[in-house]
Structure formats: C-alpha cells, structure tokens
Amino acid sequence: MADLNSPTRTVAIIGGGFSGTLLALKLTAARPGWRILLIDPAVRPGRGLAYGACEPYHLLNVPAHRMETGLTPPFQDWLSGAGRHLDEALVEADGVLADAFLPRGLLGDYLQERLEDACSETDGPGLATVRGEAVALLDPPRRGVRLLDGREIACDLLVLATGNLPPRAPLPQDAWLHDHPAFVPDPWAPQALKGGDPEAAVLMLGTGLTMVDVALKLAAEGQKGPMVAVSRRGLVPTPHKAGGAWSPFVAPLLPASPLILTRAIRAAAGQAERQGTPWQRVMDAVRPAIARVWETWSPKQRRQFLRHLRPRWDVHRHRMAPRVSARLDALLESAALTVLGGRIVEWTRRKGQVTARLHLRGLKTEQTLTVGRVINCTGPRSDLDRLANPLFADLARRRLIRPDPLGLGLESDDCAVQDIDGRASDWLYAIGPLTRPALWEVTAVPEITAQIDRLTHELAQDAERPKVALAETFIDMGAGI
C-alpha cells in the first residue's frame, strides 16, 4: 500500500447514498490527510434513493435508535435540536424519541448536513464531492475511473457503494410493454409517477415495501381509480409491534438446513405468542445470526431458500412502521387498494391503456384488468451480470469482478472484491447491498455501519483483516440490530 502519511493518498467512492456517504465521513475522520472523493451524479449527494425520493409519510422501517451510525452529533441529538415536527411520531412512541418511527427524509437531511459540513473547500486533502457518473476504469497501470463527461479521477483505492439498483421489470425482454407510455419501470425515477390519469385504474407489479410506498404516494396525490397490486403469493409486509423480548436462539442450532431453521423459528414464534410476546421479537432475535446462517448453507440450500422461503421471510423480516401499516389497512378496507396473488399470463393494448389477464393463485379462475398505468414495484435488482451498467460492464470486461451465480451481487472477501478467478483485490472494494452474496442481508443501517467501521479500520490503519468474521460481529451486536 502507499504511504499512509502521504497527503496525496486518494480514495474514490462511487455512490453518494447512505453507504458511500457514511464511508466517506468515517474515512475523512480517521485520515484527515487523505483525499476522499465521493462520486455521484446528484447535485447534493448524501441522501441516496432510500432517503431522497420520499415524502413525509414515507417512514423509516425501524425506530430512531437503530439509525445511529457513530457520527457527530448523534442522529437523535440532531433531531432534538433541529426543531423538527415529530409530534405524530412521538405520540405513537409514547413520547420516547428512541422508539419513534420517523420520516425517512429526516435521515437524508442529517446525512446531507454531515457531508456538507465535512467537505473541503480546497483542492487539498479532505473530503470533496465529484458530480458525475463513473462509467469505466482508467487503463492500467493507472488506477481510477473515467466519468461520463470525460473527466478522469485517479485514486489509490476505489470503493463501489452504488447501493440498491433500479428494479428489473418482470417482463419478457422483448415485451412491447417495456416501451408503452403506460408502463413505469422505476417508480423512484424523477417524475415517474407524474402525469397519470387519477381516474384510471393502476396495476402495481409486486406487493412488498415498494408497493406500500407507491400506494401511499398515489393516494396522497389524489388517485381516484382503483389500485391493484399483484405478486405470485400476494403477501404484504407485516407491521412492527412494540413490547416484549426474546433471546437469540439460532446460533446454537447451526449448521442447520433452511427447513429445520424455518421450523425452529415458527416454533419459537408460537411459543412467544402463547406467552404474550409479539412474534416480531422472535424475528429480532434471529436477525443477528442471519449472516452466520447464510455462511453455513451450501449453494443448493441458498437456492432453495431464495426460491421457496424468501417471500415469506421478507414480509416478516422487513416490516412496516405502525403508522404506515394503519394507512395501508385503510386503503385495503376502503377497497382503494386490492392485493392479489397470481401471475399475469397476457398483456394487450386497449385504446391507450393496458389490459392484463391474471391467473389467480390457488384458483382455476382468471381476472382481467384494464388500467391506465402499470408500475413496477418489484424492488431493487441485484443481477449484475444482466445489468447494462457501463461501469460494471467495464469491470466485467477487465475480469475484475465476479457476479455470484444466484444474482445477488458481487463476490467479495470482507469487502475486497473478488476477480473472475476468485482472488481478492488489494485496491477495489465494495460495501452495502453489492456484498449480499457473502452476507445475504447487508441492506440495513446497523449491518452496513458495522461493515463500514471494519473497512475504515482496515484501510485507515493499514491493518490486517480482523480474524473475527463480520457475521460473528453481527451476532455480537445482539438482538434487534
């Protein structure tokens, strides 16, 4: 590695969302003599998709105390002194800020402020943002990236922090619907939901958390026509529920198959309910061991889990804030929103609109819907080998990355990206959702923060990688992370 005391040592981070911003801030604090460049197309990076494209009624999926990252001031201290309107959240949390489910945009405001405060006003050492899109690497022996506008950014270390990628439409590649004006491929793209006829029906593909966010947004903006959401199983996310506790119990069972662990979790949930403890506490107790479980499974077991168990896992593991759940229930009870389980077997054009023929799950009947908009709510994609992203395409061409066979992201060794032959890089790293093949769930603030803390220590101290695996670190963090 280069001289740690050299002020010219440069780290380029691709992606200005939560992961990239947090890493940039922590590396800057650990090594103020380094040049840290945060590269993102946004005018004001720091928010990313999760905490940027949202409305006040889009809430964090976990309480405020789980959003602490070790920055100064702490998130809750900043909230207390920011004069924010938190009345509704505090009433729901019995006045306890740490337990409140807050608007997602507040965390975006907090991160953006921390980033702007830390940015250097000079061309010397420190943190700076670069507005642009990285599309390719520089040719060896140089290290760095080329931007879409032609600029070249040289660096000693490069970190991929692109976060969640835009959703993949669940349509055949040659389907005409891809190009129809009624189709919305990415509901979080700028102005994606503007301009539709509020009187026309809307069909949403997917019934997870993205669907919930979109349904709330459409309803708030005056949608009058019926909204229908469809997925193979028709499962919707479950709500958080306060109270009780449950001790971690998964680690002693390992190694164990997906079926055995599923049975153990169901048994524990049943026992908790009989004792008056919400089943949600059982899921919280499982969460720290998730990465360790994933490590013990064979490729076949992982594939079985993703195919058969993932939908039910997702709706119980990734839950809604109580106020969001109440708003969703109101839409369902009023029939403004209908959720169906099934699959779409045919699409046809109909006078500027789209007609979908659905085969309903568990029934021999079909249903036909004519809608003004079809919105892709399937959630972020991760199959990088099928994504025509210029930077990832260039990395693949140079054989510097290895997308995993399950389509979850990039193969890595404790953030060091593996090349096509499985060798861990000494200068190319990835954090956040891109590293799911190694850890399965590394999409929430506590896990990403732990991952970034380890990488910051390794890079800033030029230290050997910790002997304790990151999965074990998650277990040590305790229930409910």
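Q: Is arginine 143 buried, partly exposed or exposed, and why?
A: In this predicted model, arginine 143 counts as partly exposed because its relative accessibility is 33%.

Q: Where is arginine 143 placed?
A: Arginine 143 is in the loop between S4 and S5.

Q: What is arginine 143 in contact with, leaving aside neighbours within four places in sequence?
A: Arginine 143 is in contact with Leu138, Ile153, Ala154, Cys155, Asp156, Asp426 and Trp427.

Q: How far apart are the C-alpha atoms of arginine 143 and aspartate 156?
A: 6.4 Å separates them, and the two residues are 13 residues apart along the chain.

Q: Changing topic. What about S9, which way do the residues point?
A: From strand S9 (residues 202-205), Val202 and Met204 point one way, while Leu203 and Leu205 point the other way. All of these are buried.

Q: Which strand is joined to S9 by four bridges?
A: Strand S10, residues 227-231, is joined to S9 by four bridges, and these strands run parallel. The partner of methionine 204 in S10 is alanine 229. Between S9 and S10 the chain goes through helix H5 (residues 209-220), and this β-α-β crossover is right-handed.

Q: How many bridges join S9 to S14?
A: Four, and S9 and strand S14 (residues 373-376) run parallel. Leucine 203 has valine 374 as its bridge partner in S14.

Q: Staying with S10, how many of its residues are buried?
A: Five of its five residues are buried, so S10 is mostly covered. On one side these are Met227, Ala229 and Ser231, and on the other Val228 and Val230.

Q: What is S10 joined to by five bridges?
A: Strand S11 (residues 337-350), which runs parallel to S10. In S11, leucine 337 is the bridge partner of methionine 227.

Q: On to the helices. At what angle do H6 and H9 pack?
A: Helix H6 (residues 258-274) and helix H9 (residues 299-317) pack at about 30 degrees, and their axes are 10 Å apart. H6 and H9 are therefore roughly parallel to each other.

Q: Which residues meet there?
A: From H6, Pro258, Thr262 and Ile265 meet Gln301, Phe305, Leu309 and Trp313 of H9. The residues of this contact divide into five nonpolar, two polar and no charged.

Q: Why do the residues in a helix contact come at that kind of spacing?
A: An α-helix has 3.6 residues a turn, so residues three or four places apart point the same way.

Q: And H7, why is it described as largely enclosed by the rest of the structure?
A: Helix H7 (residues 279-286) is described that way because eight of its eight residues are buried. The buried residues are Trp279, Gln280, Arg281, Val282, Met283, Asp284, Ala285 and Val286.

Q: What covers the buried residues of H7?
A: The cover includes H6, helix H8 (290-296) and H9.

Q: Two single residues left. Where does serine 325 lie?
A: Serine 325 lies in helix H10, residues 322-333. Serine 325 counts as buried because its relative accessibility is 8%. Leaving aside neighbours within four places in sequence, serine 325 is in contact with Pro239 and Met320.

Q: Last one: is glutamine 173 buried or exposed?
A: Glutamine 173 counts as exposed, at 81% relative accessibility. Its place is in the loop between strand S7 (157-160) and strand S8 (183-184).

Q: How far is the C-alpha atom of glutamine 173 from that of glycine 81?
A: The separation is 51 Å, and the two residues are 92 residues apart along the chain.

Methods: Residues are numbered from 1 along each chain as its sequence is written. This is a predicted model: local features need pLDDT of at least 70, side-chain atom pairs count only at pLDDT 80 or more; totals for chains, interfaces and linings use all residues. Side-chain values use heavy atoms; hydrogens and water are left out. Axes are lines fitted to C-alpha atoms, for helices over the stretch in contact, and angles run from 0 to 180 degrees between N-to-C directions. Helices (H or I, at least four residues) and strands (E, at least two) are DSSP runs, numbered from the N terminus. Angles under 35 degrees count as roughly parallel, over 145 as roughly antiparallel, 65 to 115 as roughly perpendicular and the rest as oblique. Contact means heavy atoms within 4.5 Å. Ala, Val, Leu, Ile, Met, Phe, Trp, Tyr, Cys and Pro count as nonpolar, Asp, Glu, Lys and Arg as charged, and the others, Gly among them, as polar. Buried means under 20% relative accessible area, exposed over 50%, partly exposed in between (1.4 Å probe, protein chains only). Two strands pair if DSSP finds at least two bridges between them. A crossover is right-handed if, with the strands pointing away from the viewer, the path from the first strand over the helix to the second runs clockwise.
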